[in-house]
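Let's take a walk through this structure together, one stop at a time. Keep the model open beside you and follow along.

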Amino acid sequence: MASSNGKPVPGEEGKTPAVAAEGSIGGYESLHRLLEANLSPELFKAFRFSADKEFLRQARVVRVGLIQNSIAVPTTCHFADQKKAIMEKIKPIIDAAGASGVNILCLQEAWTMPFAFCTREKRWCEFAEPVDGESTQFLQELAQKYNMVIVSPMLERDVNHGETVWNTAVVIGNSGNIIGIHRKNHIPRVGDFNESTYYMEGDTGHPVFETAYGKIAVNICYGRHHPLNWLAFGLNGAEIVFNPSATVGELSEPMWPIEARNAAIANTYFVGSINRVGTEVFPNPFTSGDGKPQHADFGHFYGSSHFSAPDASCTPSLSRYRDGLMISDMDLNLCRQIKDKWAFRMTARYGMYASLLSEYLKPDFKPQVISDPLIKKRS
Ligand SMILES: NC(=O)NCCC(=O)O
């Protein structure tokens, strides 16, 4: 269940990705493991993020967990059986997190269902639940049992507003209470990620949830490509931002190890990145609008969940093809220490950017381009 020792899968050493074990990369569990083995920088070694000892503040070490998993049964099974099976599958992993003393745990995007938004079939909306529905109740019990904050990204049915559907994260406090929700801000329009067929851009802004263990926020999946989204959670004071995701190798794997680390550095907080694992095959084939043949799966969800820290360090990632629980201890004092060191907040020139953005939003905006007059003379 935990991450591997980072060595190539036996018998797969040095093989190209095409012939390696299902989903491995050159015989390594993940891209992080490949980099770790071949570059061996200190920065790839941390499972514990420490901070300098302070005289006037106690250390604020929290234990944080991330769960990545494949679906439990085929997507052709009865919906009720799929929901039941995924809960049964995830429970022992949450139990393991609880037994390990995890304080804050985050699950993957839309964890209660297959990531069926590639299909554009509306029947998958049946998986949507009210914020206080079945999956939340299931997690509330576990949160209370283990005195653990749990972040539950799920498909929400807003019964009070015309039964609308949202991609939502429910934040459950360590007493089993619902602290609040955040709805995904940026909805992808790329590849087979046809999520805009199902739900709209979120209306909850950039909430930071003050929990018993620290200030946390949730930047759901595609929001990780938007630096201002990361910034806004930082401006509201987040110390840990989770990025529960569902993304496939062909589309985003080269970006995956970079974006979260960059966000952690630029915004001086910790980031917990989570991705699904495996290939989910759907009953009916669909097309991607690119002239290529129809297909019945999204591609390979490459896992590779990991933590990034404000000092540019990060953990190795979990496997790109197996379920996993990543646990890391982090001293949240590091956020302020790095703020003091680098002064990114103080040097940020927010006013200058606010003026540019407000000009940009006007219909008569003209980009600030100064042309070389000689170019015009020549043409
Ligand atoms: N779930 C989701 O938003 N995926 C979009 C693809 C990506 O951002 O890599």
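Start at Ala312, which sits in the loop between E13 and E14. Helix and strand labels such as these are DSSP runs numbered from the N terminus, with helices (H or I) needing at least four residues and strands (E) at least two. Ala312 has a positive phi of about 80 degrees although it is not a glycine. For background, most residues other than glycine have a negative phi. Ala312 counts as partly exposed because its relative accessibility is 22%; the cut-offs are under 20% relative accessible area for buried, over 50% for exposed, and partly exposed in between, with a 1.4 Å probe and protein chains only.

Before going further, a word on what you're looking at: this is a predicted model, where local features need pLDDT of at least 70 and side-chain atom pairs count only at pLDDT 80 or more, while totals for chains, interfaces and linings use all residues. Residues are numbered from 1 along each chain as its sequence is written, and side-chain values use heavy atoms, with hydrogens and water left out.

Ser304 also has a positive phi, about 65 degrees, and it isn't a glycine either. Look for Ser304 in the loop between strand E12 (295–302) and strand E13 (306–308). Ser304 counts as buried because its relative accessibility is 3%.

Ile67 is found in strand E2, and with a relative accessible area of 0%, Ile67 is buried. What does Ile67 contact, leaving aside its neighbours within four places in sequence? The list is Ile90, Ile93, Ile94, Leu105, Cys106, Leu107, Gln108, Ile274, Gly324 and Leu325, where contact means heavy atoms within 4.5 Å.

Some of those names take us to helix H2, where Ile90, Ile93 and Ile94 are among the buried residues. H2 covers residues 79–99, so to speak your 21-residue stop, and reaches 30 Å from its first C-alpha to its last, close to the 30 Å expected at 1.5 Å a residue. That expected span is 1.5 Å times one less than the number of residues.

Just after H2, Gly101 takes a positive phi of about 80 degrees. Then comes Asn103, in the loop between H2 and E3. Is Asn103 buried or exposed? Asn103 counts as buried because its relative accessibility is 16%. Not counting residues up to four places away in sequence, Asn103 touches Val62, Arg63, Asn147, Met148, Val149 and Tyr213.

Now for the charged pairs. A salt bridge here is a side-chain nitrogen of Lys or Arg within 4 Å of a carboxyl oxygen of Asp or Glu, and by this rule the count comes to 22. One of them pairs Arg57 with Glu54, the closest N and O atoms being 2.8 Å apart. Arg57 is partly exposed at 22% relative accessible area, whereas Glu54 counts as buried at 19%. Another joins Glu163 to Arg157, with the closest N and O atoms 4.0 Å apart. Here Glu163 is partly exposed at 45%, and Arg157 counts as partly exposed at 22%.

Asp203 forms a salt bridge with Arg183, with 2.9 Å between the closest N and O atoms. This pair links distant parts of the chain, 20 residues apart: Asp203 is in the loop between strand E6 (178–183) and strand E7 (209–211), and Arg183 is in strand E6. Asp203 counts as partly exposed at 49% relative accessibility, while Arg183 is buried at 8%. Salt bridges that share partners join Glu156, Asp158, Arg183 and Asp203 into one network.

Finish at helix H8 (residues 350–360), the place of Tyr353. At 45% relative accessibility, Tyr353 counts as partly exposed. Together with Met352 and Leu356, Tyr353 forms a nonpolar patch on the surface, with about 300 Å² of accessible area in total.

Note on methods:
Patch = residues over 30% accessible without salt bridge, like charges linked within 9 Å, V, L, I, M, F, W, Y side chains within 5 Å. Areas by Shrake-Rupley, 256 points an atom, 1.4 Å probe, with all protein chains shown as cover.
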